[in-house]
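Please examine the model shown below.

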Amino acid sequence: MPKASHNGEHATPRGWVHPDYRKTNPWYDKEKTRPVFSLGGPLPRVARWAVRAPPPKSPEELAERGEVEHAPNPVFAEGQAGAAQGQGSPTRRTAAGVTHGDRHNDAGQPVFEYQPSQENAARRDRTDMSDTGKSVRSGANFAIDSEPLGKREHEDVEKGDKDSDEYFNRWAKIRKKYPEPLAEFLATGIAVFLGLGATLSVNLSATQDVKYGSYETSCWAWGFAWMFGIYLGGGVSGAHMNPAISITLSIFRGFPWRHCIVYIFVQILASIVAGALAYGVYRDTILHVDPTMTNTAKTFFSSPQEWVSLTSAVADQIVGSAITSIAVLALGDDANNPPGAGMHAFVLGLLVTTMKFTLGYNIGSALNPASDFGPRLIAWAVGYRGNELWGTGWWFYGPVASTLAGSLIGAVLYDGLIFLGSESPVNYKTKGRFLKQVRKMFCFVAPEEAPKNE
């Protein structure tokens, strides 16, 4: 990856770039303005619960609130010295100004005459605004009618010669506004289609004279499909392609929840489209091999073997999903031992293949709620009506509930044993804030916080 320079552009382009290319595409090769929770690289470090220090208070604010400065004030010391030299002079200099001992208001309080110190005067001089509305200290324009703070657009846009949308057609404007959902949809859809297509090819040819692969073939195909999906959308959306992974990253790494909800919807929608596309490609072969559509239903979704108990099936899902979650967090931990640039997708692809090898026999290894639900829904829509479709309830407490539980368990294990970042709730010190929020939510008041009756 090329390094970014101080102005937000990469020091070296990724490829040959025409000198006039940036005139029509000024955002090319710009540094990203927000983090990408990508499975194709280290996960971003987010300060989720960072305690911000309060801004420093001026002496005037301290005096108005009746607070006393802890640091010695040279002006106050000078006033004390002057009072000592004056041999009992009623005048006393404080942080708020000068008070005269012989002047009081109607309430009997001393009257202050404000006289600013040199330090306060210098602070005002540094932040004094000029006629143009620009700060002398920073040179930034904070006037009401000035340019907004934030990322600068192209120079033509900044000068007002061109509107930013003039560089794009109508569809490009939509893509510019929603890049992450579109990339997540494409990555998930292609990955699920490639994996499901390989499974259909193997299963439909199992009873034919010419067999197109074996179970191991589908395992490798799912791994390569997931690897390709990460390479495809990892730099834009992160290519989670799994609702359990998106939820885990939201809880343990600060992935925004509003994005997480959109990602889950997009992942399910992409899986539905992928399932429909796979059925459309293999429809004739399915009807040729299974005219009654009763023996090939499990090709589209997972289902426990007849002799596998519910406990074993759920344990299978939890263990597999926990290992997947641990691997994702470990590969995204830049303080651990992440692989080299571009190798995250390859390693995760090998992980998916390994999961299919080790846990695929009992139930089919449905480690992804979206990739199981989408094709399952398509199977029902095209005419499959077996009891294993919805009747057993496995579609929910297997690929959905057990997978999500396993992913969260894996995140707790990794963060509790290895991860050191404070963005994880496992490592963050709450200092009783959680209990306070619960008491506040249910209107509970602790005995020591109860008001005293006078």
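F419 lies in the loop between helix 16 (401-417) and helix 17 (433-441), where helices are DSSP runs of H or I of at least four residues, numbered from the N terminus. F419 is buried, with a relative accessible area of 4%; buried means under 20% by a 1.4 Å probe on protein chains only. Leaving aside neighbours within four places in sequence, F419 is in contact (heavy atoms within 4.5 Å) with R45, R253, D333, Y414, S424 and N427. The C-alpha atoms of F419 and A330 are 8.3 Å apart, although 89 residues separate the two along the chain.

This is a predicted model, in which local features need pLDDT of at least 70 and side-chain atom pairs count only at pLDDT 80 or more, while totals for chains, interfaces and linings use all residues. Residues are numbered from 1 along each chain as its sequence is written, and side-chain values use heavy atoms, with hydrogens and water left out.

Attention now turns to the second largest pocket. Helix 12 (344-363) is among the helices that each supply at least two residues of its lining, and the largest share, 8 residues, comes from helix 12.

The pLDDT, the predictor's confidence in each residue from 0 to 100, averages 76 over the protein chain, and 61% of the residues score at least 70. Over residues 129-152 the pLDDT is below 50, and this stretch has 27 contacts in the model beyond near neighbours in sequence. Residues 445-450 also have a pLDDT below 50, with 3 such contacts. Where pLDDT is low, the predicted coordinates should not be read in detail.

Conventions. Buried < 20%, exposed > 50% of the residue type's maximum accessible area, 1.4 Å probe, protein only.
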